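Visitor: I have a structure open and I'd like someone to walk me through it. Can we take it piece by piece?

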Amino acid sequence: MLKDDLRKQRYAYEISLAPVGAEWSRASEVMFALLNDFNHTGYDRDPAAILCDFVDGLLEESTGGRDLLLELHSLPEQVNRAKSRRFGRPGPSEGQSESLPTLGFIPNWSVRQMRSGLSQVSPDAGQPAVIIPGSRVHRLRLRSPNLGHWAHAVRELRQVDATKVIGADVDRLSWEGYSFSKVVETQNLAVAATTAPIGWDGRGTFSELVTSPYMAFRRLRFVRFWAEAVQDSVAFLNQFTSNESLYGSDAFTFSLSGVPAPQDLTAAMHDIRRGSLTVEQAHNTYFFPKYAKRRSASPDED
């Protein structure tokens with residue numbers, strides 16, 4: 001649920017990427033070629049959509065405190081085709097240039113570190129491991145201290161899983177003096193404590209035990225965590241799109257809009273603690289601004 005709630009953050013905002021130094025058609029082509037290993041079903045050809053899927057990949061790979069590993073491919077067309085078949089990676093979409101550089105996703109579970117690069121398990125049974133030179137391996141990690149907080153929360157939540165608690169306590173329900181409700185309350189408080197550094201609200205698991213301003217404060221921290229992951233991902237991708245050795249005179253960057261600035265979220269956290277920002281204001285401004293904007297644009301129905 002924690003990872004799902006983070007992924008769903010994208011739906012609350014009208015996120016967009018604007019190319020700086022390139023036409024929209026060219027920028028879109030580059031983004032979809034660069035992140036060809038990531039899903040973008042149902043989003044047409046919107047670079048912001050595939051960016052969000054890239055962020056999802058970063059969060060998933062970071063659950064164990066590790067980096068997102070990517071292999072840069074900028075080889076001739078014939079070699080690219082062979083590589084794509086060998087690693088089981090998807091080919092370019094229709095109308096997409098095969099000569100554009102791509103970042104191939106490398107799952108952490110499939111590799112081990114070597115002095116000269118990475119050794120990856122071959123997708124073909126009985127075949128030797130594939131050596132990926134270190135010069136082609138690129139790493140992206142959540143900023144500090146987010147990486148540590150995220151990995152800790154995911155790891156510790158497994159210890160307070162509701163199904164495990166309920167299953168372990170079924171036989172104790174008839175014990176004299178045993179209170180299952182107290183067990184659940186303790187579990188909910190454990191969820192609250194475990195996820196406090198990243199601000200997850202536990203989908204209301206512990207809402208009855210705390211005040212609504214406190215829940216809003218935590219939610220602001222959760223949005224900030226996600227916003228920083230999105231910003232870091234854009235900055236990482238801009239290192240490639242702005243690289244003239246890869247794109248020549250077509251090099252450009254992406255400008256991100258629609259995501260709240262982390263410093264604004266930090267200020268809002270202080271404001272809600274002081275009482276100068278209401279829960280409703282936080283909801284409309286920082287949690288679901290897209291829907292608040294739609295409501296204000298629609299005439300009232302009486």
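Predicted model: local features only at pLDDT ≥ 70, side-chain atom pairs only at ≥ 80, totals over all residues.

Visitor: Fine. How many helices and strands does the protein have?

Guide: There are twelve helices and eight strands.

Visitor: And what share of the residues count as buried?

Guide: Of the 302 residues, 44% count as buried. Among contacts between residues at least 6 apart in sequence, 68% join residues at least 24 apart.

Visitor: Let's do the strands. In what order do S4, S5 and S6 sit in their sheet?

Guide: The order is S4-S5-S6, in an open sheet with antiparallel pairing. S4 (111–114) and S6 (130–133) each have a single partner strand, so one side of each has no neighbour in the sheet. From one strand to the next, the twist averages 25°.

Visitor: How many bridges are there between S5 and S6?

Guide: Four bridges, in the antiparallel sense, with S5 covering residues 117–120. Across that pairing, Leu 118 stands opposite Ile 132 in S6.

Visitor: What about S1, which strand does it pair with?

Guide: S1 pairs with S8 (residues 253–257) in the antiparallel sense, over five bridges. Ala 18 has Ser 255 in S8 as its bridge partner.

Visitor: Which side chains of S1 are buried?

Guide: Leu 17 and Pro 19 are, and they point to one face.

Visitor: Switching to cores. Which residues touch the most other members of the largest nonpolar core?

Guide: Leu 2, Phe 54, Leu 103, Trp 150 and Leu 237 do, in a core of 68 residues. Helix H8 (residues 212–241) gives the largest share of this core, with 15 residues.

Visitor: Take Leu 103. What does it touch?

Guide: Leaving out residues up to four places away in sequence, Leu 103 touches Leu 34, Leu 35, Asp 37, Leu 70, Glu 71, Leu 72, Phe 236, Leu 237 and Phe 240. There is also a second, separate core of six residues, and Leu 69, Leu 118, Ile 132 and Val 137 are among them.

Visitor: Now helices. At what angle do H10 and H11 cross?

Guide: The axes of H10 (residues 262–274) and H11 (residues 279–287) cross at roughly 170° and come within 11 Å. That angle makes H10 roughly antiparallel to H11.

Visitor: Which residues meet there?

Guide: Asp 264, Leu 265, Ala 268 and Ile 272 in H10 meet Val 279, Ala 282 and Tyr 286 in H11. By class, the contact has six nonpolar residues, no polar ones and one charged.

Visitor: What does Ala 12 touch?

Guide: Phe 287, Phe 288, Pro 289, Lys 290 and Tyr 291, not counting residues up to four places away in sequence. Ala 12 and Gly 258 are 246 residues apart in sequence, and their C-alpha atoms are 9.8 Å apart in space.

Visitor: And Ser 25, buried or exposed?

Guide: Ser 25 is exposed, because its relative accessible area is 55% and the cut-off for exposed is over 50%. Ser 25 is found in helix H2 (residues 24–34). From Ser 25 to Arg 45 the separation is 20 residues in sequence and 9.9 Å in space, C-alpha to C-alpha.

Definitions and conventions. Residues numbered from 1 in each chain as written. Heavy atoms only, no water. Axes fitted to C-alpha atoms, helices over the stretch in contact; angles between N-to-C directions. Helix = DSSP H or I, 4+ residues; strand = E, 2+ residues; numbered from the N terminus. Parallel < 35°, antiparallel > 145°, perpendicular 65-115°, else oblique. Contact = heavy atoms within 4.5 Å. Nonpolar A, V, L, I, M, F, W, Y, C, P; charged D, E, K, R; others polar. Core = buried A, V, L, I, M, F, W, Y, C linked by side-chain atoms within 4.5 Å. Buried < 20%, exposed > 50% of the residue type's maximum accessible area, 1.4 Å probe, protein only. Pairing = 2+ DSSP bridges.
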